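The following note sets out numbered points for a colleague's review. Please read each point against the model displayed below.

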Amino acid sequence: KELLTASKNTGLTRWYAAICARVAARQRCGSLPAVPPVYIVRPNEMAQLDRLIENGGGGLASLEGAIGVGKSTLAGAWARKHQLKGTFPLGIDWLKVGRFEDRAFWLHACLGVPDDEAFGSWLQQRHRLLILDDVQDEQTIEWLTKFGDMAATVLITTEFSAWLDGR
C-alpha cells in the first residue's frame, strides 16, 4: 500500500499503467502462436477452412468445440499455412479475446483502429485475416455481426456452439 501511495505522488502510476498495458497487449494480441511440434492434423477441417477464402473470401466463421480439442491449434496451423502462401498480404492478426469487456483496448492497442467506425472500414479490406481466439461470450458475436458483410475473413474459436446460427 505504501508503494502505491508513493507511486501516486510521484507520477509513477501512469508509467506503471502504461507498462502493464503494453505487457497485456503482447499477451492478448500479436503474431500467430507457434504450431506445436506434435498435433493432430485435421485435413477435413483444414479443407473446410480453405473454403472460407475461395472466391475472394471474407465473412465470419467459427471453430467450436470443448476446451482442449484443438480449435486454437487448428486455427493457428491454417493461418500459418496461408501466411506462407501469402494469401493475406494485408496481414493476419491473432487476438486472444476471452470475455469482451474491453473492446476499445484490443481495437486500439492490437489493431491500431480508434473506434467501431474505423474497425468497420478495417473489416472491408480484402486479403486480411482476423482470428479471435477463445471467445467466451455472445457479446463479441453480436458486436461483430452488426458490421454486416465484410471483405476481411474473421475466424472465431469458442467452446460455445450455435452463436453464429441464423446470422
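**Notes on the predicted model**

1. In strand 5, T153, L155 and T157 point one way while V154, I156 and T158 point the other way, and all are buried. Buried here denotes under 20% relative accessible area, with exposed over 50% and partly exposed in between (1.4 Å probe, protein chains only). Since 6 of the 6 residues of strand 5 are buried, the strand is largely enclosed by the rest of the structure. Helices (H or I, at least four residues) and strands (E, at least two) are DSSP runs, numbered from the N terminus.

2. Basis of the values. This is a predicted model, in which local features need pLDDT of at least 70 and side-chain atom pairs count only at pLDDT 80 or more, whereas totals for chains, interfaces and linings use all residues. Residues are numbered from 1 along each chain as its sequence is written, and side-chain values use heavy atoms, with hydrogens and water left out.

3. Strand pairing. Two strands pair if DSSP finds at least two bridges between them. Strand 5 (153-158) pairs with strand 2 (residues 59-64) in the parallel sense over 6 bridges, and T157 is the bridge partner of L63. Strand 4 and strand 5 also pair in the parallel sense, over 5 bridges, with L129 opposite T153. From strand 4 the chain crosses through helix 7 to strand 5, a right-handed β-α-β crossover; right-handed means that, with the strands pointing away from the viewer, the path from the first strand over the helix to the second runs clockwise.

4. Helix 6. The buried residues of this helix are D116, F119, G120, W122 and L123. They lie on the same side of helix 6, because they cover an arc of only 160 degrees around the axis; the arc is that of the directions from the helix axis to the C-beta atoms. These buried residues pack against strand 3, helix 5 (103-111), strand 4 (129-135), helix 7 and strand 5. At the start of helix 6, a side-chain oxygen of D115 comes to within 3.2 Å of the backbone nitrogen of E117.

5. W122. This residue lies in helix 6 (residues 116-123) and counts as buried at 6% relative accessibility. Neighbours within four places in sequence aside, W122 is in contact (heavy atoms within 4.5 Å) with D93, L111, V113, R128 and L130. The C-alpha atoms of W122 and M150 are 9.2 Å apart, for a sequence separation of 28 residues.

6. Aromatic pairs. Rings of Phe, Tyr and Trp (its six-membered ring) pair if their centres lie within 6.5 Å; planes under 30 degrees apart count as stacked, over 60 as edge-to-face and the rest as tilted. The count by this rule is 5 aromatic pairs. W78 and F88 form an edge-to-face pair, because their ring centres are 6.2 Å apart and their planes are at 65 degrees. W78 is in helix 4 (residues 71-85) and F88 in the loop between helix 4 and strand 3 (92-98); both residues are buried. F119 and W143 are stacked, since their centres are 5.0 Å apart and their planes at 15 degrees. That pair links helix 6 to helix 7 (residues 138-145) across 24 residues, and both partners are buried. Ring pairs join F119, W122, W143 and F147 into a cluster.

How values were computed:
Polar contact = N/O pair within 3.5 Å; in protein donor to acceptor, adjacent residues only side chain to side chain.
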